[in-house]
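Here's a quick tour of one protein, going from a single residue out to the whole chain. Keep the picture handy as you read.

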Amino acid sequence: MSRKQWDSGPAGRRSRGIAIVYVTVSLVVLLAFVSLAVDVARVQLAKTELRRTADAAARYAAASIPAGVSAVQTKAKDCANDNTADGRTVTLATSDIEFGTWATAAKTFTVLSGSNRTNANAIRITARRTA
């Protein structure tokens, strides 16, 4: 067959390069989805690292509950400083460390404040990442 038989006239000549447009648009859309996936994965990784840091600090600090409130706070802060989230050291504020009692049967944590903190049998740590 000759080339003339496949040519559909002026309309055929105009649609000849449309494939490159489709490929370009498809690649841009694909790149956008890949970028979104990478960003979501990074956020999830940072959340996991913060959760791991909070768990480690709470376990390390809970062992020193009999030593007093200041010992618990110091140990929790030291442990948090040894960990990173999103490539930065985690720093705990004193307000991020809560003393309380854990009721095993009800599975509830009751926050204690003031001098009642010496009666604590559990620690709750809130790890945060600021921009």
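Gln-73 sits in helix α4; helices (H or I, at least four residues) and strands (E, at least two) are DSSP runs, numbered from the N terminus. This is a predicted model, where local features need pLDDT of at least 70, side-chain atom pairs count only at pLDDT 80 or more, and totals for chains, interfaces and linings use all residues. Residues are numbered from 1 along each chain as its sequence is written, and side-chain values use heavy atoms, leaving out hydrogens and water.

**Around Gln-73**
- Gln-73 counts as buried because its relative accessibility is 14% (buried means under 20% relative accessible area, exposed over 50%, partly exposed in between, with a 1.4 Å probe and protein chains only).
- Leaving aside residues up to four places away in sequence, Gln-73 touches Thr-94, Ile-97, Phe-99 and Arg-117 (contact means heavy atoms within 4.5 Å).

**The sheet**
- Three strands make an open sheet in the order β4-β3-β5, and the pairing is antiparallel (two strands pair if DSSP finds at least two bridges between them).
- β4 (108-112) and β5 (122-125) are the edge strands, each pairing on one side only.
- β3 (residues 97-103) and β5 share 4 bridges, and Glu-98 has Arg-124 in β5 as its bridge partner.

**The whole chain**
- You'll find 4 helices and 5 strands, arranged along the sequence as α-α-α-α-β-β-β-β-β.
- The protein has 131 residues, and 25% of them count as buried.
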